[in-house]
Amino acid sequence: MEMAGTELRLGLPGTVPSSTSKISNKRCSSHRNNNDEPPQKAQVVGWPPVRSYRKNILEASYVKVSMDGAAYLRKIDLNTYKSYPQLLKALENMFKCSIDVYSETDGYNGCNYIPTYEDKDGDWMLAGDVPWDMFINSCKRLRIMKGSEAKGLASL
């Protein structure tokens with residue numbers, strides 16, 4: 001039984017095709033779609049490749065740093081530092097000031113400049129009050145305050 005009505009053929013409607021113009025189920029390099037466009041390729045997952053330096057940018061946690069009395073802001077990546085002393089040393093070099101290391105018994109008592117940060121809840125805290133890993137995950141921005149203005153924060 002031949003199904004002439006469902007058979008695929010090349011040609012204009014109403015014309016009788018020759019036996020050589022029938023399309024087979026196999027793709028032939030001489031037959032293309034009507035617009036002579038190559039078949040569209042499926043996009044490979046993960047393509048185009050992302051360069052390693054761009055991946056590192058995605059993993060960075062940049063925060064703004066301001067200092068009382070300084071006319072400019074800086075931006076630093078907290079993931080480049082491994083501890084509070086490393087961060088404080090970098091801030092001292094960046095702003096040309098002296099910041100002592102936080103002490104659990106005395107805090108920053110007697111320091112001219114005190115590093116503070118805003119956490120995810122919007123609260124201002126002393127840098128050094130919480131463990132380092134918690135700090136880098138919750139810090140939204142840093143502010144180096146004058147010691148006289150930071151009297152209301154935690155254990156000064």
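This is a predicted model: local features need pLDDT of at least 70, side-chain atom pairs count only at pLDDT 80 or more; totals for chains, interfaces and linings use all residues.
**View 1. The whole chain, for orientation.** The chain has 3 helices and 5 strands, where helices (H or I, at least four residues) and strands (E, at least two) are DSSP runs numbered from the N terminus. Along the sequence they follow the pattern α-β-β-α-β-β-α-β. Of the 156 residues, 28% are buried; buried means under 20% relative accessible area, exposed over 50%, and partly exposed in between, with a 1.4 Å probe and protein chains only. The accessible surface comes to about 11,900 Å², and 51% of that belongs to carbon and sulfur atoms; these areas come from the Shrake-Rupley method with a 1.4 Å probe, and for residues only the protein chains shown count as cover. Among contacts (heavy atoms within 4.5 Å) between residues at least 6 apart in sequence, 46% join residues at least 24 apart.

**View 2. The five-stranded sheet.** The 5 strands form an open sheet in the order β2-β1-β5-β3-β4, with mixed pairing; two strands pair if DSSP finds at least two bridges between them. Because β2 and β4 stand at the edges with a single partner strand each, one side of each is left without a neighbour in the sheet. Neighbouring strands are turned by 35° against each other on average, direction ignored. For angles here, axes are lines fitted to C-alpha atoms, for helices over the stretch in contact, and angles run from 0 to 180 degrees between N-to-C directions.

**View 3. Strand β3 and its two partners.** β3 is mostly covered, with 5 of its 6 residues buried. Towards β5, β3 runs antiparallel and is joined by 6 bridges; Tyr113 has Lys146 as its bridge partner there. Towards β4 (residues 124-126), the pairing is also antiparallel, over 3 bridges. In that pair, Leu126 is the bridge partner of Thr116, and Tyr117 stands opposite Met125. The hairpin of β3 and β4 has 5 residues between the strands, and Gly122 in the turn has a positive phi of about 90°.

**View 4. The hairpin of β1 and β2.** These two strands pair in the antiparallel sense over 4 bridges. Lys64 finds its bridge partner in Lys75 of β2. Between the strands lie 6 residues, and Gly69 in this hairpin takes a positive phi near 90°.

**View 5. Helix α2 against the sheet.** Helix α2 (residues 84-95) has 12 residues and reaches 16 Å from its first C-alpha to its last, close to the 16 Å expected at 1.5 Å a residue; the expected span is 1.5 Å times one less than the number of residues. α2 lies across β1, β2, β3 and β5, running at about 155° to β2. Its buried residues include Tyr84, Leu87, Leu88 and Leu91, and the buried residues of α2 pack against β1 (62-67), β2 (74-77), β3 (113-118), α3 and β5.

**View 6. The largest nonpolar core.** A nonpolar core is a set of buried Ala, Val, Leu, Ile, Met, Phe, Trp, Tyr and Cys residues joined through side-chain atoms within 4.5 Å. Of the 31 residues in the largest one, Ile76, Leu78, Leu87, Leu91, Tyr108, Phe135 and Leu142 touch the most other members. β1, α2, β3, α3 and β5 each supply at least two residues of this core, and α2 gives the most, with 7 residues.

**View 7. Two lysines in loops.** Lys96 is found in the loop between α2 and β3, just after α2, and takes a positive phi of about 55°. Most residues other than glycine have a negative phi. Lys140 is found in the loop between α3 (132-138) and β5 (141-146) and is partly exposed, with a relative accessible area of 44%. Leaving aside its neighbours within four places in sequence, Lys140 is in contact with Val63, Lys64, Glu118, Asp119 and Lys120. Lys140 and Lys120 are 20 residues apart in sequence and 6.2 Å apart in space, C-alpha to C-alpha.

Methods. Residues are numbered from 1 along each chain as its sequence is written. Side-chain values use heavy atoms; hydrogens and water are left out.
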